[in-house]
Amino acid sequence: IVGLSILGGEPLHPKNIDGTTKLAKCFKEECPDKSLWVWTGFLFDKHLKDKEILNYVDVLVDGQYKDELHNPKLKWRGSSNQRVIDVRESLNNDKIVLLEEENEFELQKA
């Protein structure tokens, strides 16, 4: 097991974010060397930038899935409007940093 993925329904909806944050915090406290990925329709820069959960998330896939933009060749996302964000780098640089495929192995070990 290399990490935890949180998705399905909407884990970062205002009604769910507190519970998801508690789960993420507990996971990172118990398994600090494991990666935590979260999929959400909410956007990092518009809705999530100041949320506590980002302290625990390694990779965030943001943006609503859109059938008309579906592409089965995309890695880690279903539609081309979604972004795969390296949360640590984004917070450190105060701008969105997309995950590059060559970093995949390093994040799985994180």
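In this predicted model, Asp62 has a relative accessibility of 0% and therefore counts as buried. Its side chain meets that of Arg83 in a salt bridge, with N and O 2.6 Å apart. Arg83 belongs to strand β4 and Asp62 to strand β3, so this pair ties together parts that are 21 residues apart in sequence.

**Salt bridges**

The structure holds three salt bridges. Because Asp45 lies in helix α2 and Arg83 in strand β4 (residues 83-86), the pair links parts that are 38 residues apart in sequence. Arg83 is partly exposed, with a relative accessible area of 22%, and Asp45 is partly exposed at 39%.

Lys28 and Asp58 also meet through their side chains in a salt bridge of 2.8 Å, N to O. Lys28 is part of helix α1, while Asp58 is in the loop between α2 and β3 (59-62), so the pair ties together parts that are 30 residues apart in sequence. Both partners count as buried: Lys28 at 15% relative accessibility and Asp58 at 7%. As a general principle, side chains of opposite charge can pair when their charged atoms come close.

| Salt bridge | N to O distance |
|---|---|
| Lys28 and Asp58 | 2.8 Å |

**Helix α1**

The 14 residues of α1 should span 20 Å at 1.5 Å a residue, and the end C-alpha atoms are 20 Å apart, which agrees. Within this helix, Ile17, Thr20, Thr21, Ala24, Phe27 and Lys28 are buried. These residues cover an arc of only 130 degrees around the axis, which puts them on the same side of α1. An α-helix has 3.6 residues a turn, so residues three or four places apart point the same way. What covers the buried residues of α1 includes β1 (3-6) and β2.

On the other side of α1, Asp18, Lys22, Glu29 and Glu30 are exposed. For Asp18, the relative accessible area is 54%. The C-alpha atoms of Asp18 and Asn55 are separated by 13 Å, with the two residues 37 apart along the chain.

**Nonpolar cores**

The largest nonpolar core has 16 residues, and those with the most contacts inside it are Leu12, Leu36, Val38, Ile53, Val57 and Leu60. At least two residues of this core come from each of α1 (17-30), β2 (35-39) and α2 (44-48). The largest share, three residues, is supplied by α1. Beyond its neighbours within four places in sequence, Leu12 is in contact with Ile17, Thr20, Val38, Thr40, Phe42, Leu48, Ile53 and Leu60. A second, separate core of five residues includes Trp37, Val59, Val61 and Leu99. In soluble globular proteins, nonpolar side chains tend to be buried together.

**Aromatic residues**

The structure holds two aromatic pairs. In one of them, the rings of Trp37 and Trp39 have centres 5.7 Å apart and planes at 25 degrees; the pair is stacked because planes under 30 degrees apart count as such. Trp37 is buried, with a relative accessible area of 8%, whereas Trp39 is partly exposed at 22%. Together with Trp76, Trp37 and Trp39 form one aromatic cluster.

How values were computed: Residues numbered from 1 in each chain as written. Predicted model: local features only at pLDDT ≥ 70, side-chain atom pairs only at ≥ 80, totals over all residues. Heavy atoms only, no water. Core = buried A, V, L, I, M, F, W, Y, C linked by side-chain atoms within 4.5 Å. Buried < 20%, exposed > 50% of the residue type's maximum accessible area, 1.4 Å probe, protein only. Helix = DSSP H or I, 4+ residues; strand = E, 2+ residues; numbered from the N terminus. Contact = heavy atoms within 4.5 Å. Phe/Tyr/Trp six-rings, centres within 6.5 Å; stacked < 30°, edge-to-face > 60°. Expected span 1.5 Å × (residues − 1). Arc of directions from axis to C-beta. Salt bridge = Lys/Arg side-chain N within 4 Å of Asp/Glu carboxyl O.
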